[in-house]
Structures are given as structure tokens and as C-alpha cells.
Amino acid sequence: MLFEDKVSIVTGGASGIGKACALSLAENGAKVAVVDLNEKGAEETTSKILEKGSQAISIKIDISKSEDVDKAVDTVLKSFGKIDILVNCAGICQIRNFDDLTENEWDKMLSINLKGTFLMCQRVLKEMKKNRYGKIVNLGSLAGEVGGIYVGANYAASKAGVICLTKSIAKNAAPYNINVNSVSPGFINTEMTKDFGYDPKTVPLGRIGTPEEVADVILFLCSDASRYITGANIDVNGGVFMG
Ligand SMILES: NC(=O)c1ccc[n+]([C@@H]2O[C@H](COP(=O)([O-])OP(=O)(O)OC[C@H]3O[C@@H](n4cnc5c(N)ncnc54)[C@H](O)[C@@H]3O)[C@@H](O)[C@H]2O)c1
């Protein structure tokens, strides 16, 4: 199996793209730590994995708190002994007119989407560097490349930050045989976007994407088939933006 003996952490694994990644990694042989603030959702994803005979644990944390991130990594190491793969899907989004955007909303968005991704990467990299092996995939966004369409400037800025953070970490981690890339979805049908009213006619491929279609690309980046790709940002947007 593609990920036999590999240990993975998926943040945001309770829902949407993270859930699809957790299930798919497990189906392909990986042990999965499902990490999320939504404890019940994380447990549900974990149960689905265990039912199919694969190994998984669920861990409730807030990725924007460094003590929580330390706790999660310690738990994974105690349970599975190492970390090979980190997929950072946890995040929040907001529809907000720029004129109405508040300082608190700005801080909260950047704290979860950008700082949370930084904290997870920095802590997990310490472990990956010891083993001189690792794959990290962060979630950017179409909005982080072209500016917010449906979403607030705080969200778009946080995701532009994630894309550039990814390139910086990729340069730091490359000498240790660790690949670090981002994936930027366009309009994907998940809990996060259920009220957005995306118009499929604006998508060249003519439809909204599924979480599984993003997970497929993330799994490629978690596999050794992508071993010569690092610091890349891969668009998964049905052709809405061709960078
Ligand atoms: N759905 C889309 O169209 C789309 C487009 C571009 C980018 N993305 C990005 O993809 C990622 C996954 O999005 P999704 O659509 O699956 O969303 P989702 O809302 O279905 O899942 C996000 C998960 O993150 C968790 N989370 C939120 N804050 C957290 C925190 N502080 N600590 C731990 N967990 C936290 C939530 O509980 C939830 O389970 C996000 O980073 C999102 O910004 C999504």
C-alpha cells in the first residue's frame, strides 16, 4: 500500500477536505491522527477509519495555541512513534465587506489560518528532521492568489501568507529530505462554503469541486511520486484561475 508504515497528522480532519484526506490516507495504509477543535467530528472520522481496520486516533486541539500543538505532537509520538506526513487543513473563513472588517476579526483569522499553520509546521518539522524524511501539505486558497471573491480580505491575506510561509519552510526543510507544498482549492463543496452560493457557470470545468478531488492532489503530494516537488502551490480550482 502507498502509505504502509507511514504516520500522518491531518488537522481539520473532522470535516470537509481534512476528513477526505484522513479517510483516504487511512485507506492507503497510513496511520492517521485526526486533529480538530471539533472533538465529536474528529471522533466520527476516527471511528470510520477504525471500522475499516486501519489505525487512527483523534485529538482535540486549537491549532492557534502552541501548548495545544505540543500536546498533539506528543500524543502522536506516544501512540505511533514518529511523524511522516502533516496535512494542515484546519481553518476558518468569513464573508465580510472590507469596510466592515474589525480588528478582532482580522486577528482571529490570522491567528488560526496563518499562525496555526506555522505552529504545526514548526513543531512537526523538529520530529521530521530527526528522521530526515517528511511530507507537509498546507491549504492555501484561490482567494490567497487573486484576492477574496466571496470572502473577506482577512481570509485572503491569511491564505496568501500560508502560500508564502510554505515556500519559506520548503527552503528550510529541503536539506532534510522533507517536501513542503501547498494546495489552493477554488470552489469546493464543504461545511465552510455551504452558504456561499457559488455559481458553477463561473468555473471552466462547469461544476463545484468535491473534497475528495482536493484530497487526491494532497495525497499525491504526500507520496514519493512527488519527491522532486517542493515549495510549489498547486491549484485545484476547475480552471477558475490559471496561475
Ligand atoms: N471549501 C473551499 O471551497 C475551500 C477553498 C479554498 C481553501 N479552503 C481551505 O481548505 C481547508 C479546509 O476547508 P474545508 O472547506 O474542508 O472546511 P471545513 O469547515 O469543512 O473544515 C475545517 C475544519 O477546521 C477545523 N478548525 C477550525 N478552526 C480550528 C482550530 N483553531 N483548531 C483546530 N481545528 C480547527 C474545523 O472544526 C473544521 O473541522 C481550510 O484551510 C480552507 O480555508 C477551502
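In this predicted model, a polar side-chain atom of T190 lies 2.5 Å from an oxygen atom of the ligand.

| Residue | Part of the residue | Ligand atom | Distance |
|---|---|---|---|
| T190 | polar side-chain atom | oxygen | 2.5 Å |

On its own the ligand has 830 Å² of accessible area, and the protein covers 93% of it. The space that the ligand takes is the largest pocket.

Which residues come nearest to the ligand? They are S15, I17, D36, Y155 and T190, out of 30 residues around the ligand. By type, the shell consists of 16 nonpolar, 10 polar and four charged residues. Two helices each supply at least two residues of this shell: helix 1, residues 16-27, and helix 6, residues 153-173.

The next topic is charged pairs within the protein. Side chains of opposite charge can pair when their charged atoms come close. With a cut-off of 4 Å between a side-chain nitrogen of Lys or Arg and a carboxyl oxygen of Asp or Glu, the model has 13 salt bridges. One of them joins the side chains of D70 and R123, with an N to O distance of 3.6 Å. D70 belongs to helix 3 (residues 66-80) and R123 to helix 4 (residues 103-131). The two residues are 53 residues apart, so this pair links distant parts of the chain.

Key. Residues are numbered from 1 along each chain as its sequence is written. This is a predicted model: local features need pLDDT of at least 70, side-chain atom pairs count only at pLDDT 80 or more; totals for chains, interfaces and linings use all residues. Side-chain values use heavy atoms; hydrogens and water are left out. A residue is near a molecule or strand if one of its heavy atoms lies within 4 Å of it. A polar contact is a pair of N or O atoms within 3.5 Å; within protein, one must be able to donate a hydrogen and the other to accept it, and residues adjacent in sequence count only if both atoms are side-chain atoms. Accessible areas come from the Shrake-Rupley method with a 1.4 Å probe; for residues, only the protein chains shown count as cover. On a 1 Å grid over the protein atoms alone, a cavity is a set of points where a 1.4 Å probe fits but cannot get out, and a pocket is an open set with protein on both sides within 12 Å along at least five of seven lines; lining residues have an atom within 4 Å of a point. A molecule sits in a cavity or pocket if more than half of its atoms lie within 2 Å of its grid points. Helices (H or I, at least four residues) and strands (E, at least two) are DSSP runs, numbered from the N terminus. Ala, Val, Leu, Ile, Met, Phe, Trp, Tyr, Cys and Pro count as nonpolar, Asp, Glu, Lys and Arg as charged, and the others, Gly among them, as polar.
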